[in-house]
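Subject: Model handover

Hello,

Here is the model for you to look over. My notes on it follow below.

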Amino acid sequence: MIRLSLPKEPYWLDLPHGVRVFVRPLTTAVYEAARSRGWRMARAIAAEHADLKAAGADITGLPDLSDEDALAGLSQMLFAQGLARSAITKWEGVLDEADEPAEVTDTAIAELMQLPRMAEGFVVQYTETHEAVIAEGNVSRPAPNGTSAAGRNTAEAVAETATAPMTATPP
C-alpha cells in the first residue's frame, strides 16, 4: 500500500546557516533528469581531465577523476546543483559579495550547492517526501493473526511428492 501525499504546491526548506529556499514540488522526471545529467557531466569532465593529463597540461589541484570515489563525489555535486536549479525559485539568507541579498541565478545556485552541508541538506530535505512515499510502499500488510511481517499468500498449493534425501558431498 502507498499513500500519495506528495506536495503539489511550492514550499520552503530550511537549510544550514539560516538559509531558506522556496522550491517547486519534486517530480520523478526532474529527479531522474538531474541524476542522469550529473553522471553524464561527471563522465565528460573525467574524460576531458584524462585528455588534458595525456596532453601534458597542468592539472595541479584538480581531483584524480580516474578514482571512482572522486568521480562519484563530482557526480553527486552535479546532481545537487541540477536538482537545485530545477527547484529553487527564491531564497532568504543568501548574500552576494557586497553583503546584499543574492539574486537567484543558475550560477548562484551552483555556488550554494558547492558547500557540502548546503548540498547535503538540500538533497535530503527536498527528496525526503519522495523517499518516504517509496519506503511506505515497501511494507507487508498485516497478517490476520496480528503480526505485521506476513503478506498475502500468492503461491498455489503444491502436491506433496517424495524426494531423495539430500546428502553432503564428500570433501
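At what angle do the axes of helix α1 and helix α2 cross? Roughly 140 degrees, with the axes coming within 8 Å. Helix α1 covers residues 28-54 and helix α2 covers residues 68-87. Angles over 145 degrees would count as roughly antiparallel. The two helices are therefore oblique to each other. Their crossing is right-handed.

On the α1 side, the contact includes Val30, Tyr31, Trp39, Met41 and Ile45. On the α2 side, the residues met include Leu71, Leu78, Phe79 and Leu83. The residues of this contact divide into 14 nonpolar, four polar and four charged.

Now the overall layout. This is a predicted model. The protein has four helices and three strands. Along the sequence the pattern reads β-β-α-α-β-α-α. Of the 171 residues, 27% are buried. Among contacts with a separation of 6 or more, 64% join residues 24 or more positions apart.

Next, the cores. The largest nonpolar core has 26 residues. Those touching the most other members are Val21, Val23, Ile88, Trp91, Met113, Phe122 and Tyr126. Two or more residues each come from β1 (11-14), β2 (20-23), α2, β3 (88-92), α3 (106-113) and α4 (116-136).

Take Phe122. Beyond its neighbours within four places in sequence, Phe122 contacts Leu13, Leu15, Val21, Val23, Ala80, Leu83, Ala84, Ala87, Ile88 and Met113.

Another core lies apart from the largest one. It has six residues, among them Ala42, Ala46, Leu65 and Leu74.

Best wishes

Definitions and conventions. Residues numbered from 1 in each chain as written. Predicted model: local features only at pLDDT ≥ 70, side-chain atom pairs only at ≥ 80, totals over all residues. Heavy atoms only, no water. Axes fitted to C-alpha atoms, helices over the stretch in contact; angles between N-to-C directions. Parallel < 35°, antiparallel > 145°, perpendicular 65-115°, else oblique. Left-handed = near helix turned anticlockwise from the far one by under 90°. Contact = heavy atoms within 4.5 Å. Nonpolar A, V, L, I, M, F, W, Y, C, P; charged D, E, K, R; others polar. Core = buried A, V, L, I, M, F, W, Y, C linked by side-chain atoms within 4.5 Å. Buried < 20%, exposed > 50% of the residue type's maximum accessible area, 1.4 Å probe, protein only.
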